[in-house]
Amino acid sequence: VTVAQLQPRGQARQTYERALDAGHSAQLLEQRRDDVFEMSVGNLRPNDKCIVKISYVVDLKADGDDVSFFLPTAVAPRYTPASDLDPLIGVGSLVTGAGLSVALDVRMPSAITSIRSESHTHTHA
């Protein structure tokens, strides 16, 4: 189990690289923009399992009685600017990781009458 340590960006990258150089498993979560994060995981041993749990709190979009939530899992090229000054150059792809699962804890002041996804199968209690 890894417990996160918040560090300034440069220091965090150095800590991550030192751990990899020493042969340790290490993880690094970097914020690229307000709503774009990149997770790096290094030195996993063969057959090791990596479970990443991230809490994400966001205001939901309301449209009449409907409320929408969108969670992108990759940065598509249309969001990757062509500027050499942008930190997202070369980051992201259209391919999402295998084994991704998402658990939502949905709370509303009024009754929730349905939950649906137009892109993924889901179950709910």
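This is a predicted model: local features need pLDDT of at least 70, side-chain atom pairs count only at pLDDT 80 or more; totals for chains, interfaces and linings use all residues.
The relative accessible area of serine 40 is 14%. Because buried means under 20%, serine 40 is classed as buried.

Beyond its neighbours within four places in sequence, serine 40 contacts Arg13, Tyr16, Ala26, Gln27 and Leu28. One of these contacts, Arg13, also belongs to a network of salt bridges.

## The salt-bridge network

In the whole structure, 7 salt bridges are found. A network of salt bridges links Arg9, Arg13, Glu17, Glu30, Arg32 and Glu38.

Two members of this network, arginine 32 and glutamate 38, have side chains that meet in a salt bridge with an N to O distance of 2.4 Å. Glutamate 38 has a relative accessibility of 23% and is therefore partly exposed, since this class lies between the buried limit of 20% and the exposed limit of 50%.

## Two further salt bridges

Arginine 45 and aspartate 48 form a salt bridge in which the closest N and O atoms are 3.6 Å apart. Arginine 45 is exposed, at 59% relative accessibility, whereas aspartate 48 is partly exposed, at 32%.

Aspartate 105 and arginine 107 also form a salt bridge, with the closest N and O atoms 2.9 Å apart. Here aspartate 105 is exposed, at 59% relative accessibility, and arginine 107 is likewise exposed, with a relative accessible area of 69%.

Methods:
Residues are numbered from 1 along each chain as its sequence is written. Side-chain values use heavy atoms; hydrogens and water are left out. Buried means under 20% relative accessible area, exposed over 50%, partly exposed in between (1.4 Å probe, protein chains only). Contact means heavy atoms within 4.5 Å. A salt bridge is a side-chain nitrogen of Lys or Arg within 4 Å of a carboxyl oxygen of Asp or Glu.
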